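Here is a friendly tour of one chain, from single residues out to the whole fold. Take a look at the model first, and then read on.

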Amino acid sequence: MTTNTTAQEQDYPLSAVPASARKSLWSMGLVLLGFTFFTATMWAGGTLGTAFDFSTLLWVLLAGNLLLGIYAAILGYIAARSGMNTALMSRYAFGDIGSKLSDFILGFTQIGWYAWGTATMALLLVKMTGLPEGATLPLIVLFGFGFCVTAFIGYRGLELLSRVAVPAMIVLIAVSLFITASDAGGLAGLTSITPTSDLSVAAAITLVFGTFVSGGTQATNWTRFARSGKTAVLATLAAFFLGNGLMTLVGALGALVYQQADIVDIMVAQGLATLGILMLFLNLWTTQDNTVYNFAVAGCNMLRTRRRKTVTLVGAAIGTLLAVLGMYEWLIPFLILLGTFIPPVGGVIMANFFVRYRGEYPDIATAQLPSFNLVGLSAYAIGSFVAYSSTWIAPLVGVLVAAFSYAVLETVVAGVKARRAGAVGSV
């Protein structure tokens, strides 16, 4: 009884989510939308906004976000069917010890983004309100630990915040988009704007897909709570196709009309400075708490501990320290580079679930898993190498090559084992 209660309080970090704890489509969609409403995504959209005419821009955003949504939705379906998150599913794909590789990659990436978001909130607040520079450090510490409160509570805390923040952000974004279209002179004005920079379509789709693919890989932390695979798929598509698509569109239109990609800067340009500060706060908080929650889940699997709340506080402390030391300034390029190496994790998990386990994992409590799954680790290495070397859509290439490599290797290994077993039997 005590073990079950502890698991529930800690959001089941090392076990499948039971049917009694599953959530509705409305709950799931709000939490995931709060996660995808992210400032950095708008900056990615801003890069696209100056590189394409309006019609081409819409097609690029549609393609990039649809690919991202499909990728996250497939992982979401697996999570709902199994009740497990990416960290736990990695044990089947990479082995009991081998899964720690994905724990490190995913956890480090998330805590790096947490440092960036914490510092960004403090720096922009000082800049926009005219506070003295000396207030930056105390604000970083305040936000560093304040943002993790809802993550500390768990899924219930994330959902409560999203119920308030997501509708508010949607209204603020709608008001801003209406003003943006008006300032641009309507649809005719938008279509008449000419590009001022050059970017290939492949690079643009890579940017859209890659900016939030790390989050898509770890969205299973919430979709494992879905009542059905259909609920998980719909909620994930709503967040990563529509929600992330809206963020990239806002950034792109802002760059087109105001030469600004961030919603806060856009609102300031529109004379909505106070609303801009509110938007910044809600925007970052609903992503920051999800980010440190992701770190905690990966950390629990790596350390094999159920103390998710403790790991959440440790993650917030590490992220805050990184922000205080100014490491967020050089972490971003490295974190973006990791975006190349994260998608193959999802590719291997997908292939492992559908090819090796035929859509049904054995009970993780009793499953006899190897320390290292060489097929999964090899497929991951191949997918990462090809993605890193690719000049096409690197994250998508990583997913497809890793999944294909796993399927081929698993089929070959299974065939060899079957022949050996047959040979032994005939003897």
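A residue is called buried when its relative accessible area is under 20%, exposed when it is over 50%, and partly exposed in between. Please keep in mind that the model is predicted.

**Leu-409 and its surroundings**

Which residues touch Leu-409 once its neighbours within four places in sequence are set aside? The partners are Val-375, Ser-378, Ala-379 and Ile-382. For Ser-378, a residue 31 places from Leu-409 along the chain, the C-alpha to C-alpha separation is 8.6 Å.

Ile-393 sits in the loop between H20 and H21. Is Ile-393 buried or exposed? Its relative accessibility is 4%, so Ile-393 counts as buried, since the limit for that class is under 20%. Setting aside neighbours within four places in sequence, Ile-393 makes contact with Ala-202, Ile-205 and Thr-206. Gly-383 is 10 residues away from Ile-393 along the chain, and the C-alpha atoms of the two are 13 Å apart.

**Two exposed leucines**

Leu-142 is found in helix H7, residues 136-146. At 53% relative accessibility, this leucine counts as exposed. Between the C-alpha atoms of Leu-242 and Thr-47 the distance is 19 Å, for a separation of 195 residues along the chain.

The C-alpha separations mentioned so far are gathered here.

| Residue pair | Separation along the chain | C-alpha distance |
|---|---|---|
| Leu-409 and Ser-378 | 31 residues | 8.6 Å |
| Ile-393 and Gly-383 | 10 residues | 13 Å |
| Leu-242 and Thr-47 | 195 residues | 19 Å |

**Two arginines with positive phi**

Most residues other than glycine have a negative phi. Arg-304 has a positive phi, near 55°. Where is Arg-304 placed? The residue is in the loop between helix H16 (273-303) and helix H17 (308-324). Arg-304 has a relative accessible area of 29% and is therefore partly exposed.

Arg-358 also has a positive phi, of about 55°, although it is not a glycine. This arginine is in the loop that runs between helix H19 (343-356) and helix H20 (374-389). With a relative accessible area of 69%, Arg-358 is exposed.

**Aromatic rings**

How many aromatic pairs does the structure hold? There are 22. In the case of Phe-353 and Phe-354, the ring centres are 5.0 Å apart and the planes meet at 80°, so the pair is edge-to-face; the angle needed for that label is over 60 degrees. Phe-353 is buried, with a relative accessible area of 1%, whereas Phe-354 is partly exposed at 39%. Elsewhere, one aromatic cluster is formed by Phe-35, Phe-38, Trp-113, Trp-116, Phe-212, Trp-222, Phe-240 and Tyr-293.

**The whole chain**

Stepping back, the chain contains 21 helices and zero strands. Its radius of gyration is 22 Å, close to the 22 Å given by the globule rule for 427 residues, so the chain is as compact as a globular protein of that length. Along the principal axes, the C-alpha atoms fill a box of roughly 85 × 50 × 40 Å.

Of the 427 residues, 56% are buried. Looking at contacts between residues at least 6 apart in sequence, 85% join residues at least 24 apart.

Notes:
Residues numbered from 1 in each chain as written. Predicted model: local features only at pLDDT ≥ 70, side-chain atom pairs only at ≥ 80, totals over all residues. Heavy atoms only, no water. Helix = DSSP H or I, 4+ residues; strand = E, 2+ residues; numbered from the N terminus. Rg over C-alpha atoms; globule rule 2.2 N^0.38 Å. Buried < 20%, exposed > 50% of the residue type's maximum accessible area, 1.4 Å probe, protein only. Contact = heavy atoms within 4.5 Å. Phe/Tyr/Trp six-rings, centres within 6.5 Å; stacked < 30°, edge-to-face > 60°.
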